[in-house]
Amino acid sequence: MIIRTFFIALALCWGPAAQALTSAEVQAIVVGDTDARIAALGQAVANADDKTALFIQALVDDAVKVAGDKVLIVRDGKGTDPVTGAEVEVPASVEDVISNNRMRGEFDTALATLRLFSKNAKQRAEAVKTLQGDADESKLAIIEKALAAETVPAIKTQLAMVRAAVLLSSADKARRLTATGILATSGNPEIKTVLLQRQKVEDDAEVKAAIAKALMQVNASLAWGDRIAAIFSGISLGSILLLVALGLAITYGLMGVINMAHGELMMIGAYATYVVQGLFQKYLPGAFDWYLLAAVPVAFMASALMGAALERSVIRFLYGRPLETLLATWGISLMLMQLVRSIFGAQNVGVENPSWMSGGLELMDNLQLPWNRIIIIGFAAAVLLGMAFLIGRTRLGLFVRGVTQNRPIASCMGVNTARIDTYAFALGSGIAGLAGCALSQVGNVGPDLGQGYIVDSFMVVVLGGVGQLAGTVYAALGLGVLNKFLEGWAGAVLAKIAVLVLIIIFIQKRPQGIFAMKGRSAEA
Amino acid sequence: MTEAVSLPQRPAVLTRKGWSAFIVALLVVCALAPLLNLVVPQDSAFHLSDYAVGLLGKIMCYAIVALAIDLIWGYTGILSLGHGVFFALGGYVMGMYLMRQIGRDGNYKSDLPDFMVFLDWKELPWHWALSDSFVATLFLIVAVPGFVAFVFGYFAFRSRIKGVYFSIITQAMTFAAMLLFFRNETGFGGNNGFTDFKRIMGITIATPSMRMVLFVLTGLALLGFYLFGRWLVASKFGRVLQAIRDAETRVMFSGYSPLPYKLTIWVISAIMCGVAGALYVPQVGIINPSEMSPANSIEMAIWAAVGGRATLIGPIIGAFIVNGAKSWLTVSAPEYWLYFLGALFIGVTLFLPNGVVGLVRKLRGKGEAS
């Protein structure tokens, strides 16, 4: 299919001037010393047709074999002649074509050059990307031809960059200057390398000054990309912290239960995702890409049921004794970890991203936002909205708030407080399960998954203030962004220590958190 | 007619029965254990093996920690989840001294400890300045944990952080400290910490008699701290602490400021942990940042809870029960150890709020009543 596209594209571009691949060229590309082969390859690319593309692709795939003086492409045991395209019998003894890494690099570039004329804009864009940084003067004619034929503005700009990068080493000073001017507008790290390389060998003072200026401009736009990337990864970390902390905001913030097993409830959610993935692999391989959609409710239910069971069996007896709750839930967390180890083994298990979550959104040359991170940010926002609705607008939410504020009065009003406690705890646990499901898409899934987050998430809740959803949100995002910024400045470990110290100092000033609850419930 | 206001009699540090038990314990540690280990021949049934000496010595260090936690948690009502830091700090101070004692016998035959040679450092960092003097080390074992505890405690108690908040903040503290000590740049050997000790005060560390000396020292420290604890909780100071535990606001309304009381007991408790850590390191032969992991510190709290809070003998018993079970279970059935520990946490909080000692008292009380 791709090859046919090539053919049409090439036919359009070259018209009658196109020459076919000849067997002499084929021989020259396959046999001989590397320099000669590269020269022959360059010539073949300059006069390329669809067969050339097919042939080079075969070379890349190691499908080209030599039998005596005959060269043929062997795929799935069937031989074809690269020049005529006719099927030929594969001789008994064939030899592989041996290509070193330099040769392979040339093949890739050649293939990319040919793809510049593909009809598919995406393929052209990718071809331009491959050419960035390793195009040389021999490709100039083709690049200019492609530039003239290009209709998509974005690719055209990129292609102009590639051309300028080539021209930068031109013998003509004026051309070098123009090239520098064009390259200055780029924000691509590879262009920076090209400029730096030229700066070393350039001997003309004027061009040298121009390159230095261009480098400054490129650096400036690169710095922007880095800054945005830091903010994004901060928000991404914040969204994960938010997911982790939202569950705690209910169990600790509203109910006052210190649940040290919160991380392990997340782990259960992550393992539930793993199990769902396994089931899809086994029974519904066709719909594998959508396993995650099924995993979300399963993870929620698994953790919520576990949470309800814990509340009924242990935590219910410890209301009003927070220190004892802390120790008991720590015991629960140890047992859950060991349980998972016994069932799934101590090693991490593999949870794959569905295909629609891999890759990323490319905003700038040095700025790519991975889809899985973007989706998790959206997911966190959705969970937050859902929870705000549930707590603020539904009957269950009303009961939960009522029981939190004044248990005896709520009871007098006919609220079954014990049942509400169970529901609320199950809800908080279920949200932990959702967090685990999200985490399984960005990190390792293992028995220790929850341990890494427990300190952070309590910090979020403490910082945000007890009993406050808004505080939790601000604290999570703030901590995430702060952490990532400090990380860029002082390294990951020092950043974490600095954040912890800052929180401890902050708590000194405002023991109630950012958003203190006003009124009677504040002292409770 | 004037009636003298009689203040309640200050209770004795130990009862007559208590003193005799104390003397017995002292004799066991100082005379019987060395005798059984060093004099009784190895094939005798009464021989105390080197392994048992090491294990008991280690557990006695833990018992000191449990005692320290009991003073702050059981008697003052402040649950610290960060005592592992103080324990490790004491251990690190001792470890630095032991590292310097290696001298040029390390793998790289250098004056610097091996890990510094490995990191290509040319001279000792400033915080190692005093580490070659044993006297300075003894001072620092007390001063470093005490100072850290003082600074942390001052800020925490001054802003009246209490209850669970305090517990969580101490947990964050130990977590931060662990991350800090994991770094090579901090100058404490990073991941690997300190190990391969050779000598202490110029004497080879691995001989049976040296082990026995350390064992006896640990035992004496434990018994000493126990007596100190008894004296402390019976004193006026100790009574204020218990009042703070039971009703802090009332204590404030009675004209006491809780801050100096809390801070003092907090620092004392930290120093006890530091001493325990310093005794622990030469006996087990290694100290690394994992001693500061939050999980370790929580486990320390459960020793006190199992034995029984607010009874000084309880935490010591608890440390022996839990760690004895640990060293037995992690060898015979490693996969069940966490189940056991988890169940212990849950069981003790749900069914044994006063720990083993509370259970025994209850049973005895029932027996006497019937």
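This is a predicted model: local features need pLDDT of at least 70, side-chain atom pairs count only at pLDDT 80 or more; totals for chains, interfaces and linings use all residues.

Author: B:Val117 belongs to helix H4 of chain B, which spans residues 114–118. Apart from neighbours within four places in sequence, B:Val117 is in contact with B:Tyr108, B:Ser110 and B:Leu112. Between B:Val117 and B:Asn107, 10 residues apart in sequence, the C-alpha to C-alpha distance is 9.7 Å.

As for the interface, 38 residues of chain B are in contact with 37 residues of chain A. About 3,600 Å² is buried between the two chains, and carbon and sulfur atoms give 79% of that area. On the chain B side, B:Tyr165, B:Leu338 and B:Tyr339 lose the most area to chain A, together 18% of what that side buries.

The rule finds one salt bridge across this interface; the side chains of A:Glu324 and B:Arg309 meet in a salt bridge with an N to O distance of 3.3 Å. Five residue pairs are counted in polar contact between chain B and chain A, with both residues at pLDDT 80 or more. Helices H5 (134–158), H6 (163–182), H11 (294–307) and H13 (334–351) of chain B each supply at least two residues of the side that touches chain A. The largest share of that side, 12 residues, comes from H6(B).

Chain A also carries a nonpolar surface patch of about 650 Å², with A:Val275, A:Leu279 and A:Phe344 among its residues. Helices H12 (262–283) and H14 (322–344) of chain A each supply at least two residues of the patch.

Conventions. Residues are numbered from 1 along each chain as its sequence is written. Chains are lettered from A and ligands numbered from 1 in the order in which they are written. Side-chain values use heavy atoms; hydrogens and water are left out. Patches are made of residues with over 30% relative accessible area and no salt bridge: like charges are joined within 9 Å, nonpolar side chains (Val, Leu, Ile, Met, Phe, Trp, Tyr) within 5 Å. Accessible areas come from the Shrake-Rupley method with a 1.4 Å probe; for residues, only the protein chains shown count as cover. A salt bridge is a side-chain nitrogen of Lys or Arg within 4 Å of a carboxyl oxygen of Asp or Glu. Helices (H or I, at least four residues) and strands (E, at least two) are DSSP runs, numbered from the N terminus. Contact means heavy atoms within 4.5 Å. Buried area is the accessible area (1.4 Å probe) that two parts lose on being put together, summed over both. A polar contact is a pair of N or O atoms within 3.5 Å; within protein, one must be able to donate a hydrogen and the other to accept it, and residues adjacent in sequence count only if both atoms are side-chain atoms.
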